[in-house]
Amino acid sequence: MAMESFFIGTKEDGYTIYLNEQPIRPVGMNEDITTHHKVIIGNCMGMPEIEDCSVHLIVTSPPYFNAPFDYKSLFKGYNEFLKLIEDFANESFRVLQDGRIAVINIDDMLVDGEKFPIVADTIKIFQKSGFRYRDRIVWKKPDGYTRISRRSGVILQNPYPMYFYLDNLQESIIIFQKGKFDYRSVSSEIRERSKIDTKEFLTKKWFTTVWEMMNVMPGSPLEKDIAAFPEELPYRCIKLFSYVGEIILDPFAGSGTTMKVARQLKRNSIGIEIKKELMPIIKKKLGFDGQTKLTEDKDGFEVVIRKRTQLKPQL
């Protein structure tokens with residue numbers, strides 16, 4: 001069986017003590033690559049469990065501002081949402097190692113007829129926190145995917161000027177970097193063990209600013225009522241921006257997609273998720289439920305439950 005942590009008590013600071021609790025550390029080049037995965041039940045506006053400059057890559061997707069299907073009326077106003085992004089950006093900069101990457105899947109949102117410039121505002125916030133804005137990739141969904149918007153049908157019913165509205169078939173993947181990466185900091189063996197398949201790179205056109213990827217359909221197994229991105233998204237990012245044995249962080253873990261892919265690719269992972277009820281789904285998806293095995297049995301799994309959780313930022 002995979003090594004699992006078991007509840008034994010609560011610390012004075014409100015965090016839960018687990019047997020087998022151990023800090024996540026990068027795996028040395030001469031050790032077998034076993035991985036460790038930690039889920040923190042709480043919010044990412046503060047990440048006290050994670051040390052400064054200890055994470056190698058962030059891949060995540062924050063809750064979209066009051067998205068009609070998934071997060072309707074979650075935030076009282078746009079400024080409250082931006083405060084969440086600001087706190088998240090500041091903590092991300094603190095925990096990320098110098099030279100490393102943060103990948104954010106996010107997009108502008110239409111709410112009650114008003115379009116909110118979430119991508120532009122997120123870029124400004126991350127730049128203010130110290131990040132360098134490196135790139136933007138457009139995630140193009142399949143033609144005909146209109147879960148979020150069927151606005152184009154208005155003109156079919158009213159074929160006159162000023163009735164034109166767009167259906168949205170894309171989301172943004174924005175890439176930030178903290179300083180400059182020291183390529184000499186990685187050993188030749190780890191570099192070779194993390195080598196990118198150039199055939200896959202070329203065939204799937206990872207090199208373009210448009211990534212065509214199938215979205216996760218509503219009602220998919222383990223994804224009910226969860227706005228999850230496809231496994232292909234973290235797969236590409238983890239392959240392109242991290243090495244085996246390193247630590248991948250998803251501050252909005254959801255159902256654990258990033259963590260699952262990290263384990264498959266021989267990386268460690270930390271996921272932060274506000275909804276405690278998603279814990280069984282994350283555990284099952286990662287293969288620590290005693291039924292599904294994604295990698296070898298020596299991989300570790302740990303849960304930390306904060307005494308108090310808070311979803312929204314205090315303004």
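**Helices α1 and α2**

Reply: On the α1 side, Tyr-78, Phe-81, Leu-82, Ile-85, Glu-86, Phe-88, Ala-89, Asn-90 and Phe-93 meet Ile-118, Asp-121, Thr-122, Ile-125, Phe-126 and Ser-129 of α2; a contact here means heavy atoms within 4.5 Å. The model is a predicted one, in which local features need pLDDT of at least 70 and side-chain atom pairs count only at pLDDT 80 or more, whereas totals for chains, interfaces and linings use all residues. Residues are numbered from 1 along each chain as its sequence is written, and side-chain values use heavy atoms, with hydrogens and water left out.

Two packed helices are described by the angle between their axes and the distance between the axes. For α1 and α2, the axes come within 9 Å and cross at roughly 40 degrees. Axes are lines fitted to C-alpha atoms, for helices over the stretch in contact, and angles run from 0 to 180 degrees between N-to-C directions. The two helices are therefore oblique to each other (under 35 degrees is roughly parallel, over 145 roughly antiparallel, 65 to 115 roughly perpendicular, and the rest oblique). The crossing of α1 and α2 is right-handed, that is, the near helix is turned clockwise from the far one by less than a right angle, anticlockwise being left-handed.

Each partner can next be taken by itself. Helix α2, with 12 residues (118–129), should span 16 Å, in agreement with the 16 Å between its end C-alpha atoms. Both names follow DSSP runs numbered from the N terminus: helices are H or I of at least four residues, strands are E of at least two.

Within α1, the buried residues are Tyr-78, Glu-80, Phe-81, Leu-82, Leu-84, Ile-85, Asp-87, Phe-88, Ala-89, Glu-91, Ser-92 and Val-95 (buried is under 20% relative accessible area, exposed over 50%, partly exposed in between, with a 1.4 Å probe and protein chains only). Their cover includes α2 together with strands β5 (55–60), β6, β8 and β12. In α2, burial applies to Ile-118, Val-119, Asp-121, Thr-122, Ile-123, Ile-125, Phe-126 and Ser-129. These α2 residues pack against α1 (78–95) and against β6 (96–106), β7 (109–111), β8 (114–116), β9 (132–140) and β10 (170–177). Just after α2, Gly-130 takes a positive phi of about 125 degrees.

Strand β12 (residues 247–250), part of the cover of α1, contains Ile-247. At 2% relative accessibility, Ile-247 counts as buried. Its C-alpha atom is separated by 5.3 Å from that of Ser-269, a residue 22 positions apart along the chain.

The crossing of α6 and α7 is right-handed. Pro-234, Tyr-235 and Ile-238 in α6 meet Thr-257, Thr-258, Val-261 and Ala-262 in α7. Helix α7 (residues 257–264) also packs with α8 (residues 279–286): the axes come within 9 Å and cross at roughly 25 degrees. That angle makes α7 roughly parallel to α8, and α7 passes α8 in a right-handed crossing. Here Thr-257, Met-259, Lys-260 and Arg-263 of α7 meet Ile-282, Lys-285 and Leu-286 of α8.

Most residues other than glycine have a negative phi. Lys-266, in the loop between α7 and β13 (268–273), has a positive phi near 65 degrees and is partly exposed, with a relative accessible area of 22%. Met-162 also has a positive phi, of about 80 degrees; the loop between α3 (153–157) and β10 holds this residue, which is exposed at 75% relative accessibility.

As for the whole chain, 8 helices and 14 strands are present, and buried residues make up 49% of the 315 residues. Among contacts between residues at least 6 apart in sequence, 76% join residues at least 24 apart.

Terms used: Expected span 1.5 Å × (residues − 1).
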